[in-house]
Structure formats: C-alpha cells, structure tokens
Amino acid sequence: MQRALNHLSEGLTLIVVLVLATVVGRWVITTAPSVAREIATPSRTVLPTETSTPTLTPRPADTVTPSPTPTLTPTPSPTSTPTYTPTPSTTPHPPVALPAPSVILTSTNPTPHPLPVPESMPLVEQPNDVINILLLGSDQQDIGSAGRTDVIIVVSVEPDLPSVSLLSIPRDFYAWIPGHGFDKINTAYSYGERNHYPGGGPGLIKATIEYNLGIRVHYYARAGFDGFIKIVDALGGVDVAVECPLSDTFPDASSPTGQTDVDWLPGIHHLDGKHALWYARSRWSTSDFDRNRRQQQVLRGLYRQVMTLDIVPKIPQLWGTLNETVSTDLGLDEMLYLGAIGSRLNTINVKSRFVGKSVLQSWTAPNGGYVLVPYYDALASLVSEALEPPANARALQRAFRVEVWNGTPFEGLGHVAAERLRWEGFEVVSVGPADGAYPRTQIVDFTTSAKGSAIPLLMSLYKRDNSDVVSQPTEGSAVDFRVVLGSDYDPCVATKLYWYPGSMATPTPLPAAIPFATPTPMASP
C-alpha cells in the first residue's frame with residue numbers, strides 16, 4: 001500500500017509501549033484493515049470521568065479563541081488485504097527463563113576519550129519476575145534500515161500487582177557505548193548493526209542501557225515511523241489534553257501553499273492522525289524533553305480509544321501481521337503473557353518518569369554536537385525510583401481520590417487538570433463546574449491525617465502557597481481532595497516540574513572538549 005508521508009513521528013514507538021505493556025495485539029488493527037473491521041467499528045471517545053461527560057465547547061464568557069478542530073480525512077480503502085495465518089489459542093504463562101544478559105565488551109576505539117570513562121552502573125534491584133522491555137523508535141521509515149533510535153523507553157512490567165513503569169531516555173544522552181566509546185545513545189543500535197556487535201544492534205543498545213543506567217534489559221521492540229497516522233485514523237482520531245500553548249508550521253502536501261500553520265491552546269483537542277503526528281513531533285519552540293511529554297499525552301489518549309476493543313484473545317491470529325511491522329525478540333508466548341497482564345492493569349498503576357534536566361548537564365562534544373552528560377549519582381537514584389511500582393500499587397492501597405471544580409471560562413480545562421492528576425497517580429472521581437468565581441486556584445483537603453499527604457505534590461502542580469490550601473478534615477469523605485480551578489489556573493505549570501528524588505549537589509564542571517578525531521571502525525569480534 002502506498003504510504004502517504006515520508007516523515008512520521010517517533011511517537012509510533014509509544015504505541016508499541018501500549019502494545020507490549022497493556023493490550024498487546026490491538027496495535028495491529030492499523031496494518032490489517034480487514035481484521036479491524038472484524039473486531040469493531042471504533043467511535044470517537046472523550047476523556048472519561050465517572051460522573052460527568054466533558055463538553056468541549058467554550059462557555060459564552062470565553063475571551064480566547066480556541067484553535068480549529070482539524071477535519072478528519074477518511075483513510076482510503078486498501079487495494080489489497082493483508083493475510084495472516086490463524087494459530088491455535090495459547091494459554092498465557094510467564095517465560096520459563098528470561099534471556100541471558102547482553103555481552104558488554106571492554107575494548108574500545110584507540111581514540112582519546114573526551115571524558116573520564118564511567119564505571120558500569122550497578123544493576124537496579126528488582127523482583128525476579130519483573131520483565132524489562134526496551135522500546136525503540138527508529139528515524140527510518142521501516143524496520144529494514146538501522147538508523148538512529150530517537151525514542152528510547154524502558155518499560156518495566158511487574159506482573160503480580162500488576163504495574164508498569166515507563167522511563168524515557170533522551171536521544172542526546174552522552175553514553176559510554178561498549179566496544180566503541182562515548183557517543184549519543186541513539187547511535188548505539190546503528191553501531192551494533194554495522195560493526196557486528198554480539199547480538200547486533202539490539203545487543204549493543206541493551207548493553208549500553210545496562211552499562212550506563214544499571215537496567216538489565218530482557219527484550220526489545222523496534223518500529224519504524226510509517227504507520228502513526230493510520231493508527232490514529234483507524235481509531236477515529238484521538239482526544240489530547242493540551243496543557244501548553246503550541247504553534248508551529250508543518251510541510252503539508254495537501255495544502256495549496258505546501259505548508260500549514262497550526263495553533264493549539266490549552267484544552268481538549270480531537271486530532272486526526274496528521275495533526276496528532278504534528279503535535280507529537282513539534283520542535284519549533286520546545287525541547288526534546290517537552291516532545292517526550294507530548295508523545296505520552298497522545299499515547300494515553302490512544303489507550304483510552306483502544307480499551308474498548310477486545311483484541312487480546314486474537315493475538316495468536318494477528319501474530320504474523322505484528323511480526324511484519326515490529327522488530328522484536330519477544331515471542332508469541334511472551335506477547336500473550338504481556339497481553340494477559342495488560343488486561344488486568346489499572347492505569348493508576350502506570351508510572352511515568354523521564355531522564356530529564358534534573359540529572360543531566362548540557363555539553364558540547366568534540367565533534368561540535370550538543371549532548372547531555374549524566375550526573376551519575378543523581379541518575380542512579382532516579383533510575384532506582386523510576387522502576388519501582390507506583391507507591392499505591394506496592395502498598396496495595398487505593399490512590400488518593402480527587403474531584404475537580406472548574407471555575408475557568410473553558411469547559412475543557414477541567415478535564416486537562418483531571419488528566420494531569422491521573423498522570424500523577426490520583427483517582428479523579430468527578431469533573432464539574434465550580435460553585436462560583438474563584439480568582440485563585442484552591443486546594444481543599446478533606447483528609448484526617450497528615451501522614452503521607454499529597455498536599456505538597458498538589459501545591460507543586462498548581463504553584464500554590466499555604467494560603468491556597470483549605471483544611472476541612474472530614475471522616476468518611478467520598479473524596480480526599482478538591483481542586484478548584486480559579487481564573488489564574490495555568491495548566492502549563494505542571495509540565496515544568498523536573499522530578500528528582502533527593503537534593504543534588506553541584507555537578508563537577510565538565511572539561512573543554514578535546515579536538516575531534518574520527519573514530520576508527522570497530523573490528524568484528
């Protein structure tokens with residue numbers, strides 16, 4: 001089938017996160033239209049709450065003009081129907097044994113090293129049944145070419161709870177690549193393929209993750225970028241909770257001028273595949289850190305779309321189609337097992353972390369490139385916490401319950417706030433209008449004990465001080481907190497929190513870069 005675009009989003013890999021960590025086989029509906037028609041006819045959904053349905057139309061008092069809702073373009077009917085071979089149903093069961101550790105070579109190129117060679121990071125302590133999967137998004141159109149892996153996400157699956165922890169690693173992370181030397185971490189896969197590293201590209205990127213972050217990677221999955229738009233359009237579009245204003249100009253073959261200007265204001269936006277791609281990829285006024293956040297917003301929106309499709313039982317029949325689109329060392333048994341875990345997963349027990357600004361230093365590499373050098377002591381602490389299951393899952397206790405009162409002129413902002421609260425592990429009980437005008441956002445605390453309180457986190461999310469917190473201890477209250485959005489509510493504030501689990505000392509200043517020398521190709525082992 002003719003592909004419509006040459007450059008699609010690294011956000012495709014986040015869809016594979018969805019596949020592997022939650023509802024494995026659902027992703028393939030975009031590459032097997034006949035299967036999609038067999039399974040269901042998707043309809044548009046909106047961000048869910050238990051007691052209210054969001055209305056996306058601004059109230060009459062709105063003073064800000066919302067961005068236009070993109071027009072969905074129907075996906076052309078395929079000219080050929082992909083085939084798949086049915087296989088007998090298989091009962092999901094855990095792997096008999098996890099794969100052996102990757103080979104970590106100690107030899108490197110004989111060129112001078114621009115920084116002191118770091119020691120191998122100690123392995124993160126995890127239960128024996130935890131499965132770590134490395135999700136890679138290639139900058140190539142399909143999985144037949146190596147290229148660079150511009151999206152790198154570790155998915156740590158705890159089967160018993162169950163819970164999933166996601167850790168995003170920036171592509172500019174300046175890593176010690178075994179058998180090669182220092183370079184951006186997104187080059188490791190390509191080096192492994194070209195230089196015949198043990199295990200090829202997957203072997204070297206796994207070894208690089210283990211050496212620099214202390215994470216034993218059991219499996220990997222890698223996807224190209226030629227399917228993102230079809231994924232979104234096959235699901236009827238996606239509702240995205242836009243938190244920060246975003247404007248950009250994109251090449252657009254369907255536009256008379258060859259390009260399209262797009263402006264998104266905070267609120268709930270229903271996006272077709274092309275616009276979801278643009279939202280996930282925009283770089284004009286933001287960083288890669290922010291792009292990772294937006295990709296995960298699209299992922300969460302798509303997760304809500306596909307949760308209504310009962311596809312897990314069809315994984316065996318769809319296995320051939322999935323193998324044609326994703327390069328992975330996961331077998332059918334492992335995929336079935338992960339799908340079974342995903343069918344039991346509560347999204348409150350999905351945890352997101354990022355290797356971000358709090359543990360990285362900007363630096364100019366010898367070749368003049370921009371890189372991010374890790375502050376290793378801080379990185380070790382972040383990785384350790386990041387891969388732990390969410391606190392409420394570990395303690396087998398319920399999440400804090402929150403109701404949102406929207407005192408802003410925009411209906412959608414209440415649901416934007418609700419989505420961020422879910423992201424932080426809160427259970428949003430309801431979203432509704434406030435009982436009057438509030439000039440400042442307010443937090444009402446109904447809890448009767450300060451032990452383990454979520455008030456500090458809520459204050460950070462909304463940039464509040466003590467005067468904005470109202471204590472109303474109520475025994476047996478149906479909710480623990482009420483967030484009342486006032487006219488000063490800025491949803492973008494919450495996106496600028498850079499998490500780190502401790503106080504970080506001032507990093508040692510990095511040396512000036514030495515003159516660049518072209519690395520000598522590594523000999524075959």
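The buried residues of helix α10 (residues 376-386) are covered by elements that include β3 (163-169), α4 (200-213), β12 (350-354) and β14 (370-374), where cover is judged by contact, that is, heavy atoms within 4.5 Å. Helices (H or I, at least four residues) and strands (E, at least two) are DSSP runs, numbered from the N terminus. The residues of α10 that count as buried are A378, L379, L382, V383, E385 and A386, the term denoting under 20% relative accessible area, as against over 50% for exposed and values in between for partly exposed (1.4 Å probe, protein chains only). Because these residues cover an arc of only 165 degrees around the axis, they lie on the same side of α10; the arc is that of the directions from the helix axis to the C-beta atoms.

The model is predicted, with pLDDT of at least 70 required for local features and 80 or more for side-chain atom pairs, whereas totals for chains, interfaces and linings use all residues. Residues are numbered from 1 along each chain as its sequence is written, and side-chain values rest on heavy atoms, with hydrogens and water left out.

In the protein as a whole there are 13 helices and 19 strands, and buried residues make up 55% of its 525 residues. Among contacts with a separation of 6 or more, 78% are between residues 24 or more positions apart.

Helix α6 (residues 273-281) is largely enclosed by the rest of the structure, since 7 of its 9 residues are buried. These are G273, H275, A276, L277, W278, Y279 and A280.

The count of salt bridges, each defined by a side-chain nitrogen of Lys or Arg within 4 Å of a carboxyl oxygen of Asp or Glu, comes to 20. In helix α7 (residues 288-306), R293 and D290 are 3 residues apart and therefore separated by about one helical turn, and their side chains form a salt bridge with an N to O distance of 2.7 Å. D290 also meets R294 in a salt bridge, at 2.8 Å from N to O, and this pair, being 4 residues apart in α7, is likewise separated by about one helical turn. An α-helix has 3.6 residues a turn, so residues three or four places apart point the same way. R293 is buried, as are D290, with a relative accessible area of 16%, and R294, with one of 1%.

A further salt bridge is formed by the side chains of D480 and R401 (3.6 Å, N to O). This pair links distant parts of the chain, 79 residues apart, with D480 in the loop between β18 (469-471) and β19 (481-485) and R401 in strand β15 (residues 401-406). Both D480 and R401 are buried. Through shared partners, salt bridges join E243, D290, R293, R294, R420 and E424 into one network.

The structure holds 1 disulfide, a term applied to a pair of cysteine sulfur atoms within 2.5 Å. The disulfide joins C244 to C492 with an S to S distance of 2.0 Å, and the link is right-handed, with 95 degrees about the S-S bond. It connects distant parts of the chain, 248 residues apart, C244 lying in the loop between β7 (238-242) and β8 (246-251) and C492 in the segment after β19. The relative accessible area is 11% for C244, which is buried, and 10% for C492, which is buried.
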